[in-house]
Amino acid sequence: MPTPTTRELYDQYVIPTYARFDLRLARGRGTEVWDEDGKRYLDFGAGIAVTSIGHAHPRVIAAMQQQIATLVHTSNLYYTRPQALLAERLVRLTCTPAPPRGKVFFCNSGAEANEALYKLARKFGNDGAPPAPKHNVGETVGVNSYRHEIVTMIGSFHGRTLAGIAATGQEKVKKGFEPPVQGFSHVPFNDGPALLAAVQEPGTVAVLLEPIQGEIGVNPATADFSPNGAGPVRPSRPAAHVR
């Protein structure tokens with residue numbers, strides 16, 4: 001019985017969630033990759049922009065080999081110094097002013113990171129809600145208002161979880177998964193006045209924005225993405241801005 005090809009193994013055992021190119025990659029070094037037939041390619045995709053250091057970098061190989069030979073995985077039930085040092089470095093690189101202030105949440109994927117942001121935004125909105133009205137039996141009670149609406153852009157992509165597809169500004173990803181998770185609205189990308197109007201709605205708590213939309217092509221935010229073409233959007237009241 002002949003050995004099945006890589007493509008045949010995928011066809012038989014892998015759910016076709018992604019529309020893949022007919023390219024069977026075998027190895028890489030730096031910015032180049034080779035397929036199973038030995039043909040060389042220049043890698044412009046970089047693992048959808050996550051392999052920024054290229055393939056088989058010797059310092060990365062050495063660091064991974066050292067860590068695997070020391071300790072592999074302990075879960076988040078315990079403290080490990082490499083995780084603490086990484087968190088410190090990330091805060092120092094991304095947070096201002098000095099001394100750096102901020103904390104890191106480590107997760108497994110962009111979808112999980114976005115799910116954490118949805119929860120943080122809603123927690124922020126709920127914590128700022130007024131107390132629930134008191135009432136007697138039979139008395140009409142007004143709806144308790146709180147901010148939970150997250151504004152995203154038309155054409156965006158924010159993951160394959162139920163909340164992720166609700167946040168995504170493309171109808172094609174929502175079909176078949178109804179009813180949608182509530183609490184998301186969409187405005188046109190690069191339309192500053194529309195974004196400002198959405199931010200000023202009383203229920204808005206956060207804006208989820210890709211500086212460059214990638215799932216529908218390469219669609220960058222313009223320099224004048226603002227309500228008046230003269231700088232960044234500045235909402236009239238505090239709002240939690242999330243990636």
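**Overall organisation and local features of the predicted chain**

Of the contacts in the chain with a separation of 6 or more, 52% are between residues 24 or more positions apart, a contact being heavy atoms within 4.5 Å. The structure is a predicted model, in which local features need pLDDT of at least 70, side-chain atom pairs count only at pLDDT 80 or more, and totals for chains, interfaces and linings use all residues. Residues are numbered from 1 along each chain as its sequence is written, and side-chain values use heavy atoms, with hydrogens and water left out.

The chain has seven helices and nine strands; these are DSSP runs numbered from the N terminus, with helices (H or I) of at least four residues and strands (E) of at least two. Of the 243 residues in the chain, 21% are buried. Here buried denotes under 20% relative accessible area, exposed over 50%, and partly exposed the range in between (1.4 Å probe, protein chains only). The accessible surface of the chain is about 18100 Å², and 59% of this belongs to carbon and sulfur atoms; areas come from the Shrake-Rupley method with a 1.4 Å probe, and for residues only the protein chains shown count as cover.

Helix H7 spans residues 192-199, and its buried residues are Gly192, Leu195, Leu196, Ala198 and Val199. Viewed down the axis of H7, these buried residues fall within an arc of 160 degrees, so they line one face of the helix; the arc is that of the directions from the helix axis to the C-beta atoms. In an α-helix there are 3.6 residues a turn, so residues three or four places apart point the same way. The cover over the buried residues of H7 includes strands E4 (149-153), E5 (184-187) and E6 (204-208). At the N-terminal end, H7 is capped by aspartate 191, a side-chain oxygen of which lies 3.1 Å from the backbone nitrogen of alanine 194.

Glutamine 213 belongs to strand E7 (residues 212-213) and counts as buried because its relative accessibility is 1%. A polar atom of the glutamine 213 side chain lies 3.2 Å from the backbone oxygen of isoleucine 154. Not counting residues up to four places away in sequence, glutamine 213 touches Met153, Ile154, Gly155, Ser156, Phe189, Val218 and Asn219.

Towards the surface, Ile53, Val60, Met64, Ile68 and Val72 make a nonpolar patch of about 490 Å². Valine 72 is placed in the loop between helix H3 (58-68) and helix H4 (81-94) and is exposed, with a relative accessible area of 68%. Arginine 20, in the loop between helix H1 (6-13) and strand E1 (25-29), is likewise exposed, at 53% relative accessibility. Its contacts, leaving aside neighbours within four places in sequence, are with Tyr10 and Val14.

Backbone geometry was also examined. Most residues other than glycine have a negative phi, and most peptide bonds are trans. Alanine 49, in helix H2 (residues 46-49), has a positive phi near 70 degrees and counts as exposed at 66% relative accessibility. Alanine 56, found in the loop between H2 and H3, has a positive phi near 55 degrees and is partly exposed, with a relative accessible area of 30%. A cis peptide bond, with omega about 0 degrees, joins glutamate 178 and proline 179. Proline 179 lies in the loop between helix H6 (162-167) and E5.

Notes
A polar contact is a pair of N or O atoms within 3.5 Å; within protein, one must be able to donate a hydrogen and the other to accept it, and residues adjacent in sequence count only if both atoms are side-chain atoms. Patches are made of residues with over 30% relative accessible area and no salt bridge: like charges are joined within 9 Å, nonpolar side chains (Val, Leu, Ile, Met, Phe, Trp, Tyr) within 5 Å. A salt bridge is a side-chain nitrogen of Lys or Arg within 4 Å of a carboxyl oxygen of Asp or Glu.
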